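Welcome, and thanks for taking a look at this one.

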Amino acid sequence: MQQQESDAAAIELSSVRRVYGYGSSATVALSGADLRIEPGRFVSLIGPSGCGKSTVLRLVSGLEAPDAGSVLVHGMTPVEACAAKLIGFVPQTPALLPWLSVLKNVTLPQKINAKAGKRRFVGSASPDMRKLLRKAGLGEAMDKLPAQLSGGMQQRAAIVRAFGLRPEVLLMDEPFSALDEFTRESLQDQLLDLWDELKTTVLFVTHSVSEAVRLSDTVVVMAPKPGRVVDVVDIDLPRPRGERLFEERDFHAFEDLIRDRLRSAWRSDDAASVGGTNR
């Protein structure tokens, strides 16, 4: 059994369909979605609003179930994976407890799950949270309350908190979308540092082409109406990926490629809409 689990994909979607509503008012959020993510990979989902990116996260997290097809996390259902504490989640807003210090916020999940019997695939001992906070640039903020931190610092704390349980799969729903560009790039650096150390599988939702290319091993391009995967692009750029990456020709070539695939998705969507109108 253990051998089967170790050979399993970190995340696997097979012919997944998800529909919201009924009858003529039904919305097909995902149709025939297939996706396989190997352990330890950093994968970004990108596409226009309504293409099903957040739906994929909800399905993988076990918050929703597919209407057809299957979703597996390390060979088990998302509900089973959540029960085994294999899945972590970083939302758009940090959701820190305001009455606890930064250090107590990030260590609280460890304390809650100390006796949960979590199953591990990529590591054993829990990481040193003080070390992770220092690595994320929060060494001098450990004893501060969330209200004493900037938005970027709060989001760093939320990321450290999620990594702290060593989840096998970390789901991130546009965690940097509310931040200015400079802060966003700084947090990208720190996220990559943490990920490089802990080797968690990351599924990251973003609307930023540059962000997707900089962070990812693979970028999954999605299109709407219905939501679907239209392309999977492997980002063959060396790591580590520091600020100088923005000056590299290969980086911009991947940006152009992703934008071209997104434009193609838009054109196919427009064509489908016109066809529907003619009918």
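Is Phe-42 buried or exposed? Phe-42 counts as buried, because its relative accessibility is 0% (buried means under 20% relative accessible area, exposed over 50%, partly exposed in between, with a 1.4 Å probe and protein chains only). Before going on, please note that this is a predicted model, in which local features need pLDDT of at least 70 and side-chain atom pairs count only at pLDDT 80 or more, while totals for chains, interfaces and linings use all residues. Residues are numbered from 1 along each chain as its sequence is written, and side-chain values use heavy atoms, with hydrogens and water left out.

**The aromatic cluster**

- Searching the whole structure turns up three aromatic pairs (rings of Phe, Tyr and Trp, the latter by its six-membered ring, pair if their centres lie within 6.5 Å; planes under 30 degrees apart count as stacked, over 60 as edge-to-face and the rest as tilted).
- Phe-42 and Phe-204 form a tilted pair, because their ring centres are 5.7 Å apart and their planes are at 45°.
- Phe-42 belongs to strand β3 (residues 42-46) and Phe-204 to strand β7, so this pair ties together parts that are 162 residues apart in sequence (helices, H or I of at least four residues, and strands, E of at least two, are DSSP runs numbered from the N terminus).
- Phe-204 also counts as buried, because its relative accessibility is 0%.
- Phe-176 and Phe-204 make another tilted pair, with centres 6.0 Å apart and planes at 55°.
- Through ring pairs, Phe-42, Phe-176, Trp-195 and Phe-204 are linked into a cluster.

**The nonpolar cores**

- The largest nonpolar core holds 32 residues, and Leu-133, Ile-159 and Phe-204 are among those with the most contacts inside it (such a core is a set of buried Ala, Val, Leu, Ile, Met, Phe, Trp, Tyr and Cys residues joined through side-chain atoms within 4.5 Å).
- Helix α7 gives this core its largest share, six residues.
- Another core lies apart from it, with 28 residues including Leu-13 and Ile-87.

**Helix α6**

- Eleven of the 14 residues of α6 are buried, so the rest of the structure largely encloses this helix.
- Among its buried residues are Gly-152, Ile-159 and Phe-163.
- The buried residues of α6 pack against β5 (87-90), α4, α5, β6 and α7.
- After α6 comes Arg-166, with a positive phi near 50°.

Note on methods
Contact means heavy atoms within 4.5 Å.
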